[in-house]
Amino acid sequence: MDIFLKSCRNVLKGNADGSPGFHVVLGNEACDLDSMVSALAYAYFLSKTLDSGKIPLPVLNIPRQEFPLRTDNTFLLRESGLSQDDLVFRDEVDLGSLHRAGRLDLTLVDHNVLPSSDRDLEEAVLEVIDHHLLERKPSPSCPVTVETVGSCTTLVTERIIQKAPEVLDQQVAQLLYGTIVLDCVNMAPEAGKVTPKDSQYAVLLETHFPNLPPRGVLFQSLQNAKFDVSGLTTEQMLLKDMKVASEGDLKLAAFLQRQSLQQELCEFCHKHSYNLVVAMTISFNNNKEPFRQLAVYSSSTLYRGEMSQALEQSRSPSLSLSPMSSPYSDIRAYLQGNTLASRKKVLPIIKDFLRDRERREVQGGNLEESYEAPRQRACTEDAGIEEDSYFPPTPMNSLVEGCPLDNGLPKISAEALTEKFSKMASEEENAGGL
(Lines give C-alpha, C1' and ligand atoms only; values in the text may rest on other atoms or scores of the structure.)
Protein backbone atom coordinates (compact mmCIF):
# COMPACT_ATOMS: atom_id res chain seq x y z
CA MET A 1 0.00 0.00 0.00
CA ASP A 2 2.75 2.51 0.91
CA ILE A 3 4.56 1.93 -2.41
CA PHE A 4 1.26 2.35 -4.28
CA LEU A 5 0.49 5.66 -2.55
CA LYS A 6 3.97 7.02 -3.21
CA SER A 7 3.62 6.13 -6.89
CA CYS A 8 0.32 8.01 -7.05
CA ARG A 9 1.97 11.12 -5.65
CA ASN A 10 4.88 10.76 -8.09
CA VAL A 11 2.54 10.58 -11.08
CA LEU A 12 0.80 13.77 -10.01
CA LYS A 13 4.11 15.54 -9.40
CA GLY A 14 5.48 14.33 -12.73
CA ASN A 15 3.98 14.51 -16.17
CA ALA A 16 0.37 13.74 -15.31
CA ASP A 17 -0.70 15.26 -18.66
CA GLY A 18 1.14 12.48 -20.41
CA SER A 19 -0.77 9.71 -18.63
CA PRO A 20 -3.81 8.02 -20.20
CA GLY A 21 -5.95 9.36 -17.36
CA PHE A 22 -7.05 8.42 -13.88
CA HIS A 23 -9.61 6.15 -12.29
CA VAL A 24 -10.31 8.17 -9.17
CA VAL A 25 -11.85 6.55 -6.09
CA LEU A 26 -13.58 9.30 -4.15
CA GLY A 27 -15.07 9.18 -0.66
CA ASN A 28 -17.62 11.61 0.74
CA GLU A 29 -17.00 15.20 1.82
CA ALA A 30 -16.70 14.32 5.50
CA CYS A 31 -13.56 12.27 4.82
CA ASP A 32 -14.17 10.26 7.98
CA LEU A 33 -12.24 7.06 8.59
CA ASP A 34 -14.71 4.96 6.57
CA SER A 35 -14.47 7.24 3.52
CA MET A 36 -10.69 7.46 3.68
CA VAL A 37 -10.01 3.75 4.10
CA SER A 38 -12.65 2.73 1.54
CA ALA A 39 -11.01 5.03 -1.03
CA LEU A 40 -7.46 3.88 -0.24
CA ALA A 41 -8.23 0.16 -0.15
CA TYR A 42 -10.46 0.09 -3.22
CA ALA A 43 -8.01 2.13 -5.32
CA TYR A 44 -5.25 -0.26 -4.24
CA PHE A 45 -7.46 -3.20 -5.25
CA LEU A 46 -8.04 -1.56 -8.67
CA SER A 47 -4.29 -1.06 -9.11
CA LYS A 48 -3.92 -4.85 -8.96
CA THR A 49 -6.94 -5.78 -11.05
CA LEU A 50 -7.87 -2.90 -13.40
CA ASP A 51 -6.90 -3.17 -17.07
CA SER A 52 -8.51 -0.01 -18.49
CA GLY A 53 -5.18 1.77 -18.84
CA LYS A 54 -6.20 4.51 -16.45
CA ILE A 55 -4.20 4.94 -13.23
CA PRO A 56 -6.17 4.15 -10.04
CA LEU A 57 -5.98 7.14 -7.71
CA PRO A 58 -7.55 7.48 -4.23
CA VAL A 59 -8.57 11.09 -3.58
CA LEU A 60 -9.53 12.29 -0.11
CA ASN A 61 -12.45 14.66 -0.55
CA ILE A 62 -11.18 17.55 1.64
CA PRO A 63 -8.36 20.10 1.39
CA ARG A 64 -5.07 18.86 2.78
CA GLN A 65 -5.04 21.53 5.49
CA GLU A 66 -8.20 20.03 7.05
CA PHE A 67 -6.79 16.53 7.39
CA PRO A 68 -5.15 17.01 10.83
CA LEU A 69 -8.68 17.47 12.23
CA ARG A 70 -9.43 13.81 11.38
CA THR A 71 -7.53 12.56 14.39
CA ASP A 72 -8.70 8.94 14.10
CA ASN A 73 -7.63 8.91 10.44
CA THR A 74 -4.16 10.14 11.25
CA PHE A 75 -3.89 7.66 14.13
CA LEU A 76 -4.78 4.59 12.04
CA LEU A 77 -2.50 5.65 9.20
CA ARG A 78 0.40 6.02 11.62
CA GLU A 79 -0.33 2.67 13.28
CA SER A 80 -0.47 1.03 9.85
CA GLY A 81 2.88 2.44 8.78
CA LEU A 82 1.54 4.94 6.22
CA SER A 83 2.40 8.62 5.85
CA GLN A 84 -0.19 11.31 5.23
CA ASP A 85 2.42 12.99 3.04
CA ASP A 86 1.73 10.32 0.41
CA LEU A 87 -2.03 10.97 0.28
CA VAL A 88 -3.77 12.93 -2.47
CA PHE A 89 -6.37 15.51 -1.45
CA ARG A 90 -9.19 17.17 -3.34
CA ASP A 91 -7.39 20.52 -3.65
CA GLU A 92 -4.39 18.80 -5.28
CA VAL A 93 -6.06 17.39 -8.39
CA ASP A 94 -8.47 19.12 -10.79
CA LEU A 95 -11.15 16.52 -11.42
CA GLY A 96 -13.16 18.92 -13.59
CA SER A 97 -10.28 19.45 -16.00
CA LEU A 98 -9.58 15.72 -16.17
CA HIS A 99 -13.23 15.05 -16.96
CA ARG A 100 -13.42 17.71 -19.67
CA ALA A 101 -10.31 16.18 -21.25
CA GLY A 102 -11.93 12.72 -21.24
CA ARG A 103 -9.29 11.42 -18.85
CA LEU A 104 -11.42 10.68 -15.75
CA ASP A 105 -13.24 7.58 -14.54
CA LEU A 106 -14.84 7.86 -11.12
CA THR A 107 -15.85 5.37 -8.43
CA LEU A 108 -17.81 6.68 -5.45
CA VAL A 109 -17.33 5.00 -2.09
CA ASP A 110 -19.23 5.76 1.15
CA HIS A 111 -21.75 7.92 -0.76
CA ASN A 112 -23.89 7.26 -3.80
CA VAL A 113 -24.73 10.71 -5.18
CA LEU A 114 -22.46 13.62 -5.99
CA PRO A 115 -23.13 16.94 -4.25
CA SER A 116 -24.46 19.76 -6.42
CA SER A 117 -20.99 21.29 -6.65
CA ASP A 118 -19.74 18.13 -8.40
CA ARG A 119 -22.71 17.41 -10.66
CA ASP A 120 -20.59 18.14 -13.75
CA LEU A 121 -18.63 14.95 -12.95
CA GLU A 122 -21.71 12.71 -13.07
CA GLU A 123 -20.94 11.29 -16.52
CA ALA A 124 -17.58 10.04 -15.23
CA VAL A 125 -19.13 7.88 -12.47
CA LEU A 126 -18.66 4.22 -13.41
CA GLU A 127 -19.35 2.47 -10.08
CA VAL A 128 -20.73 3.07 -6.59
CA ILE A 129 -20.06 1.18 -3.34
CA ASP A 130 -21.96 2.53 -0.37
CA HIS A 131 -23.88 1.67 2.80
CA HIS A 132 -26.26 4.64 2.99
CA LEU A 133 -29.81 5.13 1.78
CA LEU A 134 -29.84 4.74 -2.01
CA GLU A 135 -30.50 8.07 -3.72
CA ARG A 136 -28.92 7.39 -7.10
CA LYS A 137 -31.13 6.75 -10.11
CA PRO A 138 -30.55 3.34 -11.76
CA SER A 139 -28.26 3.32 -14.78
CA PRO A 140 -27.02 0.36 -16.84
CA SER A 141 -23.65 2.09 -17.23
CA CYS A 142 -23.02 2.41 -13.49
CA PRO A 143 -23.11 -0.71 -11.27
CA VAL A 144 -24.27 0.15 -7.77
CA THR A 145 -23.51 -1.84 -4.63
CA VAL A 146 -25.54 -0.42 -1.76
CA GLU A 147 -26.17 -2.39 1.40
CA THR A 148 -26.95 -0.91 4.82
CA VAL A 149 -24.12 -2.56 6.71
CA GLY A 150 -22.34 -0.78 9.55
CA SER A 151 -19.29 0.23 7.53
CA CYS A 152 -18.63 0.78 3.84
CA THR A 153 -15.24 -0.87 4.36
CA THR A 154 -17.13 -4.12 5.01
CA LEU A 155 -18.36 -4.00 1.40
CA VAL A 156 -14.87 -3.11 0.15
CA THR A 157 -13.42 -6.03 2.13
CA GLU A 158 -16.03 -8.35 0.64
CA ARG A 159 -15.17 -7.21 -2.91
CA ILE A 160 -11.44 -7.70 -2.38
CA ILE A 161 -11.84 -11.15 -0.83
CA GLN A 162 -14.25 -12.31 -3.54
CA LYS A 163 -12.29 -10.95 -6.51
CA ALA A 164 -8.61 -10.80 -5.49
CA PRO A 165 -7.86 -12.02 -1.95
CA GLU A 166 -4.13 -11.88 -2.68
CA VAL A 167 -4.39 -8.08 -2.51
CA LEU A 168 -4.83 -8.28 1.24
CA ASP A 169 -1.72 -7.92 3.36
CA GLN A 170 -1.16 -6.94 6.99
CA GLN A 171 -1.19 -3.22 6.21
CA VAL A 172 -4.41 -3.23 4.17
CA ALA A 173 -6.08 -5.65 6.59
CA GLN A 174 -5.33 -3.38 9.57
CA LEU A 175 -6.86 -0.37 7.79
CA LEU A 176 -10.03 -2.31 6.92
CA TYR A 177 -10.31 -4.05 10.27
CA GLY A 178 -9.81 -0.92 12.36
CA THR A 179 -12.48 0.94 10.39
CA ILE A 180 -15.06 -1.85 10.68
CA VAL A 181 -14.45 -2.14 14.43
CA LEU A 182 -14.78 1.62 14.97
CA ASP A 183 -17.85 2.06 12.74
CA CYS A 184 -19.60 -0.90 14.36
CA VAL A 185 -18.84 0.27 17.92
CA ASN A 186 -16.62 -2.69 18.76
CA MET A 187 -19.25 -4.99 17.19
CA ALA A 188 -21.64 -4.35 20.11
CA PRO A 189 -25.25 -5.23 19.09
CA GLU A 190 -26.75 -2.81 21.62
CA ALA A 191 -25.27 0.15 19.69
CA GLY A 192 -27.47 -0.71 16.71
CA LYS A 193 -24.69 -0.50 14.10
CA VAL A 194 -23.23 -3.94 13.46
CA THR A 195 -24.79 -6.37 10.97
CA PRO A 196 -24.02 -10.07 10.38
CA LYS A 197 -21.93 -9.16 7.34
CA ASP A 198 -19.79 -6.73 9.36
CA SER A 199 -19.16 -9.46 11.94
CA GLN A 200 -18.43 -12.03 9.23
CA TYR A 201 -15.65 -9.98 7.63
CA ALA A 202 -14.21 -8.74 10.91
CA VAL A 203 -13.81 -12.36 12.04
CA LEU A 204 -12.39 -13.33 8.64
CA LEU A 205 -9.72 -10.62 8.90
CA GLU A 206 -8.91 -11.69 12.45
CA THR A 207 -8.54 -15.30 11.32
CA HIS A 208 -6.29 -14.60 8.35
CA PHE A 209 -4.20 -11.95 10.10
CA PRO A 210 -3.70 -13.11 13.70
CA ASN A 211 -1.21 -10.28 14.35
CA LEU A 212 -3.90 -7.64 14.11
CA PRO A 213 -4.28 -5.64 17.34
CA PRO A 214 -6.87 -7.07 19.77
CA ARG A 215 -10.33 -5.85 18.84
CA GLY A 216 -11.11 -4.08 22.12
CA VAL A 217 -7.71 -2.41 22.34
CA LEU A 218 -7.89 -1.16 18.75
CA PHE A 219 -11.43 0.16 19.20
CA GLN A 220 -10.56 2.05 22.37
CA SER A 221 -7.45 3.54 20.78
CA LEU A 222 -9.38 4.72 17.72
CA GLN A 223 -12.23 5.96 19.90
CA ASN A 224 -9.83 7.99 22.03
CA ALA A 225 -8.12 9.39 18.93
CA LYS A 226 -11.41 10.28 17.24
CA PHE A 227 -12.64 12.34 20.15
CA ASP A 228 -9.36 13.85 21.19
CA VAL A 229 -10.22 17.50 20.62
CA SER A 230 -7.69 18.97 23.00
CA GLY A 231 -6.20 22.04 21.42
CA LEU A 232 -8.93 22.44 18.79
CA THR A 233 -10.90 25.66 18.57
CA THR A 234 -14.70 25.49 18.56
CA GLU A 235 -14.74 26.12 14.82
CA GLN A 236 -12.23 23.32 14.20
CA MET A 237 -14.32 21.01 16.35
CA LEU A 238 -17.47 21.83 14.40
CA LEU A 239 -15.64 21.29 11.11
CA LYS A 240 -14.02 18.07 12.33
CA ASP A 241 -16.51 15.62 10.78
CA MET A 242 -18.94 17.83 8.90
CA LYS A 243 -20.89 16.86 5.80
CA VAL A 244 -23.19 19.13 3.86
CA ALA A 245 -26.52 18.83 2.00
CA SER A 246 -29.09 21.28 0.69
CA GLU A 247 -32.66 21.70 -0.41
CA GLY A 248 -34.19 25.06 -1.13
CA ASP A 249 -33.33 28.22 0.77
CA LEU A 250 -32.59 26.80 4.22
CA LYS A 251 -29.06 25.60 4.99
CA LEU A 252 -29.08 23.00 7.73
CA ALA A 253 -26.00 21.79 9.55
CA ALA A 254 -25.98 18.68 11.70
CA PHE A 255 -22.48 18.02 12.94
CA LEU A 256 -20.09 16.54 15.44
CA GLN A 257 -20.28 18.93 18.33
CA ARG A 258 -18.86 19.35 21.77
CA GLN A 259 -20.62 21.50 24.33
CA SER A 260 -19.96 25.06 23.25
CA LEU A 261 -21.17 28.55 23.92
CA GLN A 262 -24.17 29.97 22.10
CA GLN A 263 -21.99 32.84 20.88
CA GLU A 264 -19.53 30.41 19.29
CA LEU A 265 -22.33 28.57 17.49
CA CYS A 266 -23.65 31.90 16.27
CA GLU A 267 -20.22 32.90 14.98
CA PHE A 268 -19.81 29.55 13.25
CA CYS A 269 -23.19 29.78 11.49
CA HIS A 270 -22.55 33.36 10.45
CA LYS A 271 -19.11 32.56 9.04
CA HIS A 272 -20.28 29.53 7.04
CA SER A 273 -23.74 30.86 6.09
CA TYR A 274 -25.68 28.24 8.04
CA ASN A 275 -28.87 29.16 9.82
CA LEU A 276 -29.64 25.87 11.54
CA VAL A 277 -27.60 23.23 13.37
CA VAL A 278 -28.77 19.75 14.36
CA ALA A 279 -26.29 17.99 16.65
CA MET A 280 -26.40 14.39 17.87
CA THR A 281 -24.29 12.73 20.54
CA ILE A 282 -23.80 9.18 21.70
CA SER A 283 -22.29 8.28 25.07
CA PHE A 284 -22.19 5.27 27.35
CA ASN A 285 -23.29 4.97 30.96
CA ASN A 286 -21.46 3.05 33.67
CA ASN A 287 -23.10 -0.20 32.49
CA LYS A 288 -21.69 0.46 28.99
CA GLU A 289 -25.19 1.03 27.66
CA PRO A 290 -25.45 3.70 24.93
CA PHE A 291 -27.58 6.80 25.36
CA ARG A 292 -28.16 9.55 22.83
CA GLN A 293 -28.90 13.24 23.03
CA LEU A 294 -29.96 15.63 20.30
CA ALA A 295 -29.90 19.43 20.08
CA VAL A 296 -31.29 21.96 17.60
CA TYR A 297 -29.63 25.37 17.38
CA SER A 298 -30.76 28.44 15.43
CA SER A 299 -30.88 32.13 16.19
CA SER A 300 -34.22 32.10 14.34
CA THR A 301 -37.20 30.95 16.42
CA LEU A 302 -39.00 29.95 13.22
CA TYR A 303 -36.27 27.70 11.85
CA ARG A 304 -35.57 26.22 15.27
CA GLY A 305 -39.24 25.46 15.86
CA GLU A 306 -39.87 23.95 12.42
CA MET A 307 -36.94 21.54 12.64
CA SER A 308 -37.67 20.60 16.25
CA GLN A 309 -41.28 19.82 15.38
CA ALA A 310 -40.25 17.58 12.49
CA LEU A 311 -37.94 15.59 14.74
CA GLU A 312 -40.44 15.37 17.60
CA GLN A 313 -43.25 14.16 15.32
CA SER A 314 -41.21 11.64 13.32
CA ARG A 315 -42.62 8.13 13.22
CA SER A 316 -40.24 6.51 10.72
CA PRO A 317 -38.49 6.01 13.02
CA SER A 318 -39.84 7.52 16.19
CA LEU A 319 -36.96 9.15 18.08
CA SER A 320 -38.83 9.17 21.42
CA LEU A 321 -37.51 12.62 22.27
CA SER A 322 -37.82 13.96 25.83
CA PRO A 323 -37.08 17.69 26.31
CA MET A 324 -34.05 18.55 28.43
CA SER A 325 -33.35 21.86 30.08
CA SER A 326 -31.02 24.07 28.05
CA PRO A 327 -28.98 26.97 29.43
CA TYR A 328 -29.33 28.74 26.06
CA SER A 329 -32.48 30.23 24.59
CA ASP A 330 -31.42 29.39 21.02
CA ILE A 331 -30.79 25.69 21.70
CA ARG A 332 -33.46 23.03 22.17
CA ALA A 333 -32.05 19.90 23.80
CA TYR A 334 -33.54 16.40 23.95
CA LEU A 335 -32.83 12.99 25.41
CA GLN A 336 -33.32 10.53 22.55
CA GLY A 337 -35.13 7.49 23.91
CA ASN A 338 -34.68 5.43 20.74
CA THR A 339 -30.96 4.69 21.05
CA LEU A 340 -30.98 2.56 17.90
CA ALA A 341 -31.85 5.61 15.77
CA SER A 342 -28.31 6.56 14.77
CA ARG A 343 -27.50 9.58 12.66
CA LYS A 344 -27.80 7.48 9.52
CA LYS A 345 -31.45 6.83 10.45
CA VAL A 346 -32.15 10.42 11.46
CA LEU A 347 -30.81 11.85 8.20
CA PRO A 348 -33.80 10.71 6.09
CA ILE A 349 -36.10 12.54 8.53
CA ILE A 350 -34.15 15.73 7.98
CA LYS A 351 -33.99 15.27 4.22
CA ASP A 352 -37.72 14.54 3.96
CA PHE A 353 -38.44 17.68 5.98
CA LEU A 354 -36.19 19.78 3.73
CA ARG A 355 -37.63 18.37 0.52
CA ASP A 356 -41.19 18.85 1.70
CA ARG A 357 -40.39 22.38 2.74
CA GLU A 358 -38.74 23.11 -0.62
CA ARG A 359 -41.69 21.62 -2.50
CA ARG A 360 -44.11 23.82 -0.63
CA GLU A 361 -41.81 26.80 -1.12
CA VAL A 362 -41.79 26.28 -4.88
CA GLN A 363 -45.56 25.92 -4.97
CA GLY A 364 -46.03 29.05 -2.86
CA GLY A 365 -43.37 31.21 -4.53
CA ASN A 366 -40.03 32.42 -3.18
CA LEU A 367 -39.77 34.62 -0.11
CA GLU A 368 -37.03 36.78 -1.57
CA GLU A 369 -35.38 36.95 -4.97
CA SER A 370 -32.14 37.75 -3.17
CA TYR A 371 -31.89 34.22 -1.72
CA GLU A 372 -28.75 32.37 -2.72
CA ALA A 373 -28.98 29.43 -5.09
CA PRO A 374 -29.19 26.02 -3.35
CA ARG A 375 -25.79 24.75 -2.28
CA GLN A 376 -24.54 21.78 -0.34
CA ARG A 377 -25.18 19.70 2.76
CA ALA A 378 -23.66 18.85 6.06
CA CYS A 379 -23.82 16.88 9.28
CA THR A 380 -21.74 15.20 12.00
CA GLU A 381 -21.86 13.91 15.55
CA ASP A 382 -20.18 14.03 18.94
CA ALA A 383 -19.11 12.20 22.09
CA GLY A 384 -18.79 8.78 20.57
CA ILE A 385 -19.18 6.84 17.39
CA GLU A 386 -21.24 8.09 14.55
CA GLU A 387 -21.62 8.09 10.81
CA ASP A 388 -22.67 10.92 8.58
CA SER A 389 -25.41 13.43 7.90
CA TYR A 390 -27.05 16.28 6.00
CA PHE A 391 -27.93 20.01 5.43
CA PRO A 392 -29.16 22.89 3.07
CA PRO A 393 -28.08 26.50 1.82
CA THR A 394 -29.32 29.60 3.43
CA PRO A 395 -29.89 33.19 2.51
CA MET A 396 -27.08 35.37 3.81
CA ASN A 397 -29.68 37.52 5.57
CA SER A 398 -31.24 34.64 7.46
CA LEU A 399 -29.95 35.74 10.89
CA VAL A 400 -33.26 37.45 11.51
CA GLU A 401 -33.15 37.48 15.28
CA GLY A 402 -31.20 36.55 18.35
CA CYS A 403 -27.66 36.55 16.98
CA PRO A 404 -25.46 39.52 17.88
CA LEU A 405 -23.73 39.21 14.51
CA ASP A 406 -26.82 40.18 12.54
CA ASN A 407 -26.49 43.87 13.34
CA GLY A 408 -26.45 45.86 10.15
CA LEU A 409 -27.29 42.93 7.87
CA PRO A 410 -30.26 43.28 5.51
CA LYS A 411 -33.21 41.30 6.86
CA ILE A 412 -36.33 39.63 5.60
CA SER A 413 -39.23 41.27 7.38
CA ALA A 414 -40.69 39.40 10.32
CA GLU A 415 -44.13 39.93 8.79
CA ALA A 416 -43.14 38.24 5.53
CA LEU A 417 -41.61 35.28 7.34
CA THR A 418 -44.57 34.91 9.69
CA GLU A 419 -47.01 35.00 6.79
CA LYS A 420 -45.01 32.47 4.81
CA PHE A 421 -44.60 29.98 7.64
CA SER A 422 -48.25 30.39 8.65
CA LYS A 423 -49.21 29.41 5.12
CA MET A 424 -46.85 26.42 5.28
CA ALA A 425 -48.27 25.33 8.62
CA SER A 426 -51.80 25.52 7.21
CA GLU A 427 -50.83 23.44 4.21
CA GLU A 428 -49.25 20.84 6.50
CA GLU A 429 -52.43 20.67 8.60
CA ASN A 430 -54.54 20.09 5.50
CA ALA A 431 -52.12 17.43 4.29
CA GLY A 432 -52.08 15.64 7.63
CA GLY A 433 -48.71 16.92 8.85
CA LEU A 434 -45.15 15.83 8.15
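**Overall make-up**

I started with the element list: the protein has 13 helices and 12 strands, where helices (H or I, at least four residues) and strands (E, at least two) are DSSP runs numbered from the N terminus. This is a predicted model, so I note that local features need pLDDT of at least 70, side-chain atom pairs count only at pLDDT 80 or more, and totals for chains, interfaces and linings use all residues. Residues are numbered from 1 along each chain as its sequence is written, and side-chain values use heavy atoms, with hydrogens and water left out.

Next I checked burial: 57% of the 434 residues are buried (under 20% relative accessible area, 1.4 Å probe, protein chains only). Of the contacts (heavy atoms within 4.5 Å) with a separation of 6 or more, 70% are between residues 24 or more positions apart.

**H2 against H6**

How do the axes of H2 and H6 cross? I find that H2 (residues 33-49) and H6 (residues 170-183) have axes that come within 10 Å and cross at roughly 150 degrees. That makes the two helices roughly antiparallel (angles over 145 degrees). On the H2 side I list Leu-33, Asp-34, Val-37, Ala-41 and Tyr-44, which meet Val-172, Leu-175, Leu-176, Thr-179, Leu-182 and Asp-183 in H6. By class, I get eight nonpolar, one polar and two charged residues in this contact.

**Cysteines**

I looked for disulfides (cysteine sulfur atoms within 2.5 Å) and the count is zero. Cys-142 counts as buried at 5% relative accessibility, and Cys-184 counts as buried at 0%.

Conventions
Axes are lines fitted to C-alpha atoms, for helices over the stretch in contact, and angles run from 0 to 180 degrees between N-to-C directions. Angles under 35 degrees count as roughly parallel, over 145 as roughly antiparallel, 65 to 115 as roughly perpendicular and the rest as oblique. Ala, Val, Leu, Ile, Met, Phe, Trp, Tyr, Cys and Pro count as nonpolar, Asp, Glu, Lys and Arg as charged, and the others, Gly among them, as polar. Buried means under 20% relative accessible area, exposed over 50%, partly exposed in between (1.4 Å probe, protein chains only).
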